[in-house]
Amino acid sequence: MLEEVLRFVHVIGATVLFGTGAGIAFFMLLAHKTGNPTQIAHVAGSVVIADTIFTATAAILQPITGAWLAYEIGWPLTSGWVLLSLILYVVVGLFWLPVVWIQIRLRDLAREAAAAGTPLPPRYQRLFRVWFACGFPAFFSVMAILWLMLNKPDIPIGF
């Protein structure tokens, strides 16, 4: 029974991470394409809240439920597919943490431009490009982790 509950919570967490990440990227990109500081400020504000509530919670629970599930099933954390998943999870985190800070800055810059009735500043444009670029390695790493979780390939490691 515990294994089923852990598996369920772990899969829900993976779904939340993937779905929230994809949704955030989609809505931020659509808002950005408008060039409207008021609209961007609103969407970016919602994105920051969603990242705090959903992504951060799932990001904390994923390694806990994953390690506990591996223990319950008897998968060593040094199994090739598990170890590769953990490495990719760190990669996701290394790209996600700056993205969170960037989203907050994008929101603030858009709010400032909206309040002043001015266009978005060049700093906004530069930060958005970094935000956009960081999304690709994070997104593809999450996709790879999902594939590894589903297929559990035999990946030899040299320990």
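Of the 159 residues of the protein chain, 35% count as buried, where buried denotes a relative accessible area under 20%, exposed over 50% and partly exposed in between (1.4 Å probe, protein chains only). The structure is a predicted model, in which local features need pLDDT of at least 70, side-chain atom pairs count only at pLDDT 80 or more, and totals for chains, interfaces and linings use all residues. Residues are numbered from 1 along each chain as its sequence is written, and side-chain values use heavy atoms, with hydrogens and water left out.

The protein chain contains four helices and zero strands; helices (H or I, at least four residues) and strands (E, at least two) are DSSP runs numbered from the N terminus. Along the sequence, the pattern of the protein chain is α-α-α-α. The C-alpha trace spans about 60 × 35 × 20 Å along its principal axes. Helix H3 (residues 80-116) comprises 37 residues, and the distance from its first C-alpha to its last is 54 Å. This span is close to the 54 Å expected at 1.5 Å a residue, the expected span being 1.5 Å times one less than the number of residues. Just after H3, Gly117 adopts a positive phi of about 70°.

A search of the whole structure identifies eight aromatic pairs. Rings of Phe, Tyr and Trp (its six-membered ring) are paired if their centres lie within 6.5 Å, and planes under 30 degrees apart count as stacked, over 60 as edge-to-face and the rest as tilted. The pair of Trp75 and Trp81 is edge-to-face, because the ring centres are 5.1 Å apart and the planes lie at 80°. Trp75 is partly exposed, at 24% relative accessibility, whereas Trp81 is buried, with a relative accessible area of 10%. Tyr124 and Phe128, by comparison, form a stacked pair, with 6.3 Å from centre to centre and 20° between the planes. These two residues are four residues apart in helix H4 (residues 122-151), so about one helical turn separates Tyr124 from Phe128. Tyr124 and Phe128 are both buried. They belong to one aromatic cluster together with Trp131, Phe132 and Phe136.

The ring of Trp81 also has a charged neighbour. The charged end of Lys152 sits over this ring, 5.6 Å from the ring centre; the criterion is that NZ of Lys or CZ of Arg is within 6 Å of the ring centre and within 35 degrees of the ring normal. Lys152 is located in the segment after H4, and its phi is near 45°, a positive value in a residue other than glycine. With a relative accessible area of 31%, Lys152 is partly exposed.

The largest pocket holds about 1200 Å³ of space. A pocket is defined on a 1 Å grid over the protein atoms alone as an open set of points where a 1.4 Å probe fits, with protein on both sides within 12 Å along at least five of seven lines; lining residues have an atom within 4 Å of a point. Grid points are joined across faces, edges and corners, and the volume is the space filled by probe spheres set on the points. The lining of the largest pocket consists of 48 residues, of which Leu17, Phe18, Val92, Ala138 and Val142 are the closest to its centre. Helix H1 (2-34), helix H2 (37-73), H3 and H4 each supply at least two residues of this lining. By class, the lining has 35 nonpolar, 10 polar and three charged residues, with Ala, Val, Leu, Ile, Met, Phe, Trp, Tyr, Cys and Pro counted as nonpolar, Asp, Glu, Lys and Arg as charged, and the others, Gly among them, as polar.

Leu2, in helix H1, is partly exposed at a relative accessible area of 38%. Val100 lies in helix H3 and is partly exposed, at 22% relative accessibility; its C-alpha is 7.5 Å from that of Asp51, 49 residues away in sequence. Thr55, in helix H2, is buried at 6% relative accessibility, and its C-alpha is 18 Å from that of Ser85, 30 residues away along the chain. Ala31, in helix H1, is buried at 2% relative accessibility. Ala31 and Pro156 are 125 residues apart in sequence, and their C-alpha atoms are 44 Å apart in space.
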